[in-house]
Structure formats: structure tokens, C-alpha cells
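Q: Please take a close look at the aromatic rings of this protein. How are they paired, and where do the pairs sit?

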Amino acid sequence: MISKAMAQRLNGQVNKEFYSAYFYMSMSAHSESENLKGIAAWFMAKYDEEMAHAMKIYRYLHDQGARVELDAVDKPPTTFAGVLDMFEKTLDHEREVTASFNELVDAALDERDHATNIFLQWFVTEQIEEEATVSDIIGRVKLVGERGEGLFMIDNELAGVAKQMSTTAAAQA
Ligand code: FEO
């Protein structure tokens, strides 16, 4: 059993993960409409990951005897200046998520809630990988540019990465 305050914080994080999913689906929709199928697939794989994150916390709350309270999910941005803009927004967003998990860990440590602290470690590690992956993509987009062959190459590459992400997610489910 966890404290009411900790449960409320984790409920807030469930909402943030749903927002992340929604945010990435919006970028997938935008990419799809721009004929960037690989980038669209990558953002849709991110959508799946974020839904899985939300459900991981959802299950933890139930396992700890807490009540899950769902909240409204904010509207994500729907227009983007280009591919670089989407990945830069993704990195900014993931940095905010990292800060949010750090605050959750602080709260768990303050309460000496060891179970929640241990539970949160998976997310802390995941955030390092997520930020690194997106930084890497930003670097590549800057290198090859946002049009023509360079963009075609990035789109193809991310199509392959999206397939791997889906395979990994299916194996972890
Ligand atoms: Fe749920 Fe992208 O971290």
C-alpha cells in the first residue's frame, strides 16, 4: 500500500504518459500527411511505448491497493514546422518527462517508499535511452538536411527502427 499523496503523484504521471502517447500520435499523423511513412511509423511506435508506460504505472497503482483516477488528456500540438521541429519538440518533451520522474523519485525517497522508488528506477533508466535516441536523430537530421535524398534516407532508416521498436515492445508485453 502506498500513501495517498504518492498515489496522486503517480496518477498524474499516468496522465502525462497518455499525453505523451497523444503527442506522438499527433506527430505521426502529421508525418503521414507529409508522406513520411517511416517517420510516421517511428512516432506511432513511440505512441505504443507511451501507452505501455501509462499501463505500467496503472498496474503498479492497482498492485499497491491504490485507486487509479483518470483525468482529461490535453490537446497536443497539431501543426509542425518540419521534421527537425518535431524531433526537437520530442526532445524538449522527454526532458520534461525526465524531470517529472526525478520529482517522483524525490517524493518516494522523502516518504521512504522503497517499493515506489525501485519501481521508478526502470523509468529513470528508460529516460536516459529515450533522450539519447532522440538527440541522435536530431544530429542526423541536421547532418543530412530536411529535404530530398537526406530526408528520404532518414525516413527509410526510421521505418526500420520503428519495426525493431514494435518487435521489442511485443516481446516485453
Ligand atoms: Fe514515457 Fe517517452 O517516456
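A: Helices (H or I, at least four residues) and strands (E, at least two) are DSSP runs, numbered from the N terminus. Along the sequence this protein reads α-α-α-α-α, with five helices and zero strands. The model is predicted: local features need pLDDT of at least 70, side-chain atom pairs count only at pLDDT 80 or more, and totals for chains, interfaces and linings use all residues. Residues are numbered from 1 along each chain as its sequence is written, and side-chain values use heavy atoms, with hydrogens and water left out.

Now the rings. A pair of aromatic rings is described by the distance of the centres and the angle of the planes. Rings of Phe, Tyr and Trp (its six-membered ring) pair if their centres lie within 6.5 Å; planes under 30 degrees apart count as stacked, over 60 as edge-to-face and the rest as tilted. The whole structure holds 10 aromatic pairs.

In one of them, the ring centres of Trp42 and Phe43 are 5.1 Å apart and the planes stand at 85 degrees, so this pair is edge-to-face. Trp42 has a relative accessible area of 1% and Phe43 one of 0%; both are buried (under 20% relative accessible area; exposed is over 50%, partly exposed in between, with a 1.4 Å probe and protein chains only).

The rings of Tyr60 and Phe119 are stacked, because their centres are 4.0 Å apart and their planes at 5 degrees. This pair links distant parts of the chain: Tyr60 lies in helix α2 (residues 37-63) and Phe119 in helix α4 (residues 114-144), 59 residues apart. Tyr60 is buried at 9% relative accessibility, and Phe119 is buried at 14%.

Trp42 and Phe43 also belong to one aromatic cluster with Tyr19, Phe23, Tyr24 and Phe87.
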